[in-house]
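Please look over the structure first.

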Amino acid sequence: MTAKAKCLLGLLFILGPFPGNTVSARADALPPVHPAYIDGSVQANFVVATTSDRANERTSDSPVQIRRGLVAIDYLAIGGYFVFLILLGMYFSKREKSTDDYFRGGKRVVWYAAGLSIVATKLSAISYMSLPAKSYDTNWLYILLPVGNLAAAWFVAKLVIPFYCRLDLTTVYEYLEARFNLAVRIVGSLAYLVFEIARMGILFLLPALALAVVTDLNVFACIGIMGVIATVYTIMGGVEAVIWTDFVQVLVMMGGAILAILLVFYKVPGGAPEVLATAAEAGKLKAFDWNLDLTTVTVWVFFLHWVGGFKNYIANQTIAQRYISTRDEKHAVRSVWLAGFMGVLISWLLIMVGTAIYGYYRAFPDRLDTNMERIDEIFPTFIVNEMPAGIAGLLIAAIFSAAMSSLDSAINSCSAVIVTDLHRRLRPPITERAYLVLSRVLTALLGLFGTALALFLATFEIRSLLDKAMEFVGLFGGGLGGIFLLGVLTTRASSKGVLIGFFASAVIQYIVKVHTPLHFFVYIFTGMASCYIIGYVMSFVFTDKAGALDGLTIHTMASAQAENFDTGNK
């Protein structure tokens, strides 16, 4: 088969089935393609049933020197990376003189650092390992998952950032009090805290499980090391340390993905065309499922997930804290657009990594490590066994750092919400220095809690934590997004109406989870939509007293005098 024919074959497989076709692109309808997994269990002696004679010939003719595990220079790279993170925290600790410095970097954060920090926060170590694992184990259906970032970037840049920046917010929940009342602000803040603190352990556990396999540390030691280091540099450097460690981490992770792809193309006889043709023959390049089925990852499921994903940029303090820490509105918009484009690019690279690794192990099946217990271990296993010494250690350190990014972002943002939305608003005022000390203490306590939660979750068996994390986000994140959309998009919404909508959406989410077969990607949409619709209708029954909404909705932006707005806690 010529290279041109192989590329054409790959393109045909990418298109996937259309409505009415008898072929299904559902991942669970595909034959098992992971040679080491049969019915979810690892087989000590496996046979690659679909490996062609041509692949066997390539294996015998093209031996590759095998290297199992990390070596001394790799551990040196990991240790050096950790030292760098601590030094970064120490550097920024000298600039943290107030809570504005600690939570917004004194609005000194440059837009490109904020943008890549958003990518790191959204991507996490789960995605860095699970996206390659998904495409390796199934196909390219997840290629549509990150595209929603671009839609969200347009929505936020056009409709949200203008008045978020003019209100000079520290947390996005201050907006809820300005738009509705204090009760809505408190409910929003508490909902975020419960959601973010609960997901800390999930986002922290997966890399520890995988890293324990490829290092000489057990999973509990991995969790402990990451938890302590992340907490220490976040306590010292605040959001600036978090953002700049994210910035470096994204560059290393992106470089690692590119290097892995190029390494496979170089080592596999026939290069990229051969890898893609092998993947296409196994159904690995199917990227679009047009069936009108909301129980699996079809195009329509991803579309609904995109709409629900607006919540991350508008209602999630962890994400919004990045762009509201930039100098002004123009730089905030740039950071969001950069995050959107880079999120798509890196996610697609990671999906291609999984396909490349599949082609590599089809060419050299004897090199596949059958000791893996979870499919999410495939990429880190490839890194330590196939990447050059030193580079492997740096990439493993980046995975450590990605996990720590999930924790540092969460604990800094949660600390900001507790201090700004709860303590400053509900308690008697104290000195600015006392607020800063309180912020550091809360950061320490939250870091310890997140670490302890991950240690607890390590005792459970979970096949793919990407799916579990996405299910959790969808179930518990949608309603809060609905409140913000009611505030931003309508002038009718009332405080009582949106609260009724929020709590009603929680009931609806339970019904959707328990009594419907809908795919979990749809959950965030059903949560937002139910909150929005019920909240809007209830706002006709429970109205608020007439008040000025200047600068608080997209309909009243032109008359805003938001520069002089003060929520009472700045």
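Arg424 sits over the face of Tyr435, 3.9 Å from the ring centre. Lys284 does likewise over Tyr358, at 4.6 Å. A charge sits over a ring if NZ of Lys or CZ of Arg is within 6 Å of the ring centre and within 35 degrees of the ring normal.

This is a predicted model: local features need pLDDT of at least 70, side-chain atom pairs count only at pLDDT 80 or more, and totals for chains, interfaces and linings use all residues. Residues are numbered from 1 along each chain as its sequence is written, and side-chain values use heavy atoms, leaving out hydrogens and water.

Rings of Phe, Tyr and Trp (its six-membered ring) pair if their centres lie within 6.5 Å; planes under 30 degrees apart count as stacked, over 60 as edge-to-face and the rest as tilted. The count by this rule is 29 aromatic pairs. Two of them are tabulated here.

| Pair | Centre to centre | Angle between planes | Class |
|---|---|---|---|
| Tyr136 and Tyr358 | 5.9 Å | 70 degrees | edge-to-face |
| Tyr360 and Phe382 | 5.5 Å | 85 degrees | edge-to-face |

Tyr136 lies in helix H5 (residues 111–137) and Tyr358 in helix H14 (residues 329–363), so their pair ties together parts 222 residues apart in sequence. Tyr360 in helix H14 and Phe382 in helix H15 (residues 378–386) are 22 residues apart. Helices here are DSSP runs (H or I, at least four residues), numbered from the N terminus.

Tyr136 is buried, at 0% relative accessible area. Tyr358 is buried too, at 2%. Buried means under 20% relative accessible area (1.4 Å probe, protein chains only).

Definitions and conventions:
Helices (H or I, at least four residues) and strands (E, at least two) are DSSP runs, numbered from the N terminus. Buried means under 20% relative accessible area, exposed over 50%, partly exposed in between (1.4 Å probe, protein chains only).
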